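Let's take a friendly tour of a protein together. Have a look at the structure first, and then we will go through its parts.

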Amino acid sequence: MTREEIESKLKDVIVSALDLEDVTATDIGTDVPLFGEGLGLDSIDALELGMAVKKAFGVTFAADPAENRKIFYSVKTLADFVEQQSKADQT
């Protein structure tokens with residue numbers, strides 16, 4: 001899967017898993033924060049999104065809240081994590 005395909009799929013997962021109204025995948029900027037001032041997601045959204053990303057990409061997240069905040073900062077950081085997990089699985 002290319003980087004662009006990963007980012008596109010992540011945006012689709014965000015919209016569908018969180019049932020975002022009035023937001024499409026193309027509305028989500030790759031570098032825009034997902035939480036707070038960006039897309040405005042909250043902690044409940046984070047749990048749902050984590051499960052959806054795990055299901056869509058087969059990745060696992062650590063139980064480290066600080067690390068997960070970095071991973072879930074934006075579509076870009078999530079894509080970085082998915083790529084790293086994919087490379088680790090291939091070795």
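This is a predicted model: local features need pLDDT of at least 70, side-chain atom pairs count only at pLDDT 80 or more; totals for chains, interfaces and linings use all residues.

## Two helices and their lengths

The expected span of a helix is 1.5 Å times one less than its number of residues. Helices here are DSSP runs (H or I, at least four residues), numbered from the N terminus.

Helix H2 (43–57) has 15 residues and reaches 21 Å from its first C-alpha to its last, close to the 21 Å expected at 1.5 Å a residue.

Residues are numbered from 1 along each chain as its sequence is written, and side-chain values use heavy atoms, leaving out hydrogens and water.

The pLDDT is the predictor's confidence in each residue, from 0 to 100. Its mean for the protein chain is 93, and 99% of the residues reach 70 or more. Among the elements, H1 has the highest mean pLDDT (97) and H4 the lowest (90).

## What lies inside

Buried means under 20% relative accessible area, exposed over 50%, and partly exposed in between (1.4 Å probe, protein chains only). In H1, the buried residues are Ile6, Glu7, Leu10, Lys11, Val13, Ile14 and Val15; H2 and H4 are among what covers them. In H2, the buried residues include Leu49, Val53 and Phe57, and the buried residues of H2 pack against H1 and H4.

A nonpolar core is a set of buried Ala, Val, Leu, Ile, Met, Phe, Trp, Tyr and Cys residues joined through side-chain atoms within 4.5 Å. The largest one has 21 residues, and H1, H2 and helix H4 (75–90) each give two or more residues to this core. Leu78 is one of the residues with the most contacts inside it. Contact means heavy atoms within 4.5 Å; leaving aside residues up to four places away in sequence, leucine 78 touches Leu10, Leu34, Leu49, Val53, Ile71 and Phe72.

Most residues other than glycine have a negative phi. Aspartate 19 counts as exposed because its relative accessibility is 61%. Aspartate 22 is in the loop between H1 and H2 too, with a positive phi near 60°, and is exposed at 80%.
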